Amino acid sequence: MRRPWAALFGIIFVSTWCGNQFSPLLLLYQQRQHYSALTVNLFLGVYVLGLAPALLVAGALSDRHGRRPVMTAGVLCALAASTSLTFGSTGPAAIYLGRLLSGVTVGIAMSVGNSWLKELSQAPHDPDADTAAGARRASLAFALGSALGALVAGGIAQWGPWPEQLPFLVHIGVTLPFVWFVVRLPETSFGGVPGPLRAQLRIPALAHKRFRRVVMIASPWLFAAAALAYGYLPVLLAKATGRWGLAYATLLTVLTLGTAALVQPWAKRIHSPDSARGLFTALASITAGIALAGITAWRTSVPLGIVTGIVLGVGIGLGMVSGLLEVQRIATRTDLAGLTGVFYALAYAGFLTPTVMAAISSWVPTVPLFFALAVLAALCCAALLASSRKHLPAADVPTPVTPSPYR
């Protein structure tokens, strides 16, 4: 395979498609099945229950036992997730199972796939790539897969036939060829660390002060921003958007993630190896976006919701690339996938934000909740800035990759 990174890019693309194709359909289930706002947000949140363990376990296991077998399981899990969601009209059980499996799929893609992509984006597999190519490609695959998955699913649900089945059948058709590709990619991890599972899952780089005082502060806000932009705002604006609610939810998803993809070429320029300028800029944008979301909910403004999605998308795109660059500088060769998994687990914890807000909105009005969240984000900005130039890891050094016998 001449450009193995391109095939893996496609695998991450269809995996994140699997994870985000459901987002614009929340209104569909609410309208057709008459689920409450809390229930549809639980559909969104249960995803994290599959995603977090996969992020924490899959990356560490692939560091020891190889990228290929774990990533193959992820592709098969994507097919199982869409198959279960195809039966979503039969009741909530199929939706919960499909969303849980979708979380596992994306967890494997983000931890194992992104680490593997970094390794395939350097010598000997791609000697012309620069040191940031792996992070950029991984973030772009995530953003494009998430955006196109939402666009296809939302477009079919708004204007196409069989809106509760066809979006997932399309994803199954797109994903099937990648079962063939994944087993032919060159292996890059030959660790084989013996001992109990606890020892295999140990991630020494997790104790690095830079990770705990910079990366951990910023990461949960990345997908809190995503969930608020295209998971929660469309539900809050459902009365204002009327029969165009699904189209509006799709538009917000595509705009948010499309913006995240478009700003990524600038992320490397903003990111600095001797500060946390990239993550700070991302978190500042997210703080502004959350405040705008509060104003959007207060004014019930459909146009302002679009502006909010764009602002939050800027923060997501910058934060994804900068966060991955920080992780790749902190991690060692033996715990790169494990630390990447922890980064994404923390980031995806933010996906629970709308579920928590919906659960307590009967006691605390939604608009004050948004502004309280913006204040908390601003405090995190200040804490991140205070540690931005401290505990810097060694300068980037290309990680040697053992030549693969499958090359």
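Where does tryptophan 162 lie? I found tryptophan 162 in the loop between H6 and H7. Helices here are DSSP runs of H or I with at least four residues, strands are E runs of at least two, and both are numbered from the N terminus.

**Ground rules**

I noted that this is a predicted model, where local features need pLDDT of at least 70, side-chain atom pairs count only at pLDDT 80 or more, and totals for chains, interfaces and linings use all residues. Residues are numbered from 1 along each chain as its sequence is written, and side-chain values use heavy atoms, with hydrogens and water left out.

**Confidence**

I looked up pLDDT, the predictor's confidence in each residue, from 0 to 100. The protein chain has a mean of 84, and 92% of its residues reach 70 or more. Helix H7 (residues 166-175) has the highest confidence, at 96, and helix H9 (residues 197-200) the lowest, at a mean of 63. Over residues 396-407 the pLDDT is below 50, yet this stretch has 23 contacts in the model beyond near neighbours in sequence. I take contact as heavy atoms within 4.5 Å. Where pLDDT is low, the predicted coordinates should not be read in detail.

Most residues other than glycine have a negative phi, and most peptide bonds are trans. I went looking for exceptions. Tryptophan 162 has a positive phi, near 45°. Is tryptophan 162 buried or exposed? It counts as exposed, because its relative accessibility is 58%. The cut-offs are under 20% relative accessible area for buried, over 50% for exposed, and partly exposed in between, with a 1.4 Å probe and protein chains only.

Threonine 300 also has a positive phi, near 50°. Threonine 300 sits in the loop between helix H14 (277-299) and helix H15 (302-330). At 42% relative accessibility, threonine 300 is partly exposed.

The bond from alanine 123 to proline 124 is cis, with omega near 5°. Proline 124 is in the loop between helix H5 (92-120) and helix H6 (133-159).

**Helix H4**

I checked the length of H4 (residues 67-86). At 1.5 Å a residue, its 20 residues should span 28 Å, and its end C-alpha atoms are 29 Å apart, which agrees. The expected span is 1.5 Å times one less than the number of residues. Of the 20 residues in H4, 15 are buried.

**Helix pairs**

Next I took H12 (residues 245-262) with H15. They pack at an angle of about 30°, with axes 7 Å apart. That makes H12 roughly parallel to H15. Angles under 35 degrees count as roughly parallel, over 145 as roughly antiparallel, 65 to 115 as roughly perpendicular and the rest as oblique. Among the residues that meet are Leu251 and Leu255 in H12, and Gly305 and Gly309 in H15.

Then I turned to helix H10 (residues 209-236) and helix H17 (residues 353-360). Their axes come within 8 Å and cross at roughly 60°. That makes H10 oblique to H17. Ala224, Ala227, Leu228 and Tyr232 of H10 make the contact with Thr353, Pro354, Met357 and Ala358 of H17.

**Two buried residues**

Threonine 308 lies in helix H15. Threonine 308 is buried, with a relative accessible area of 0%. Leaving aside neighbours within four places in sequence, threonine 308 is in contact with Leu233, Gly289, Leu292, Ala293 and Thr296.

Valine 48 is in helix H3 (residues 37-65). Valine 48 counts as buried at 6% relative accessibility. Beyond neighbours within four places in sequence, the contacts of valine 48 include Tyr348 and Phe351.

Conventions:
Axes are lines fitted to C-alpha atoms, for helices over the stretch in contact, and angles run from 0 to 180 degrees between N-to-C directions.
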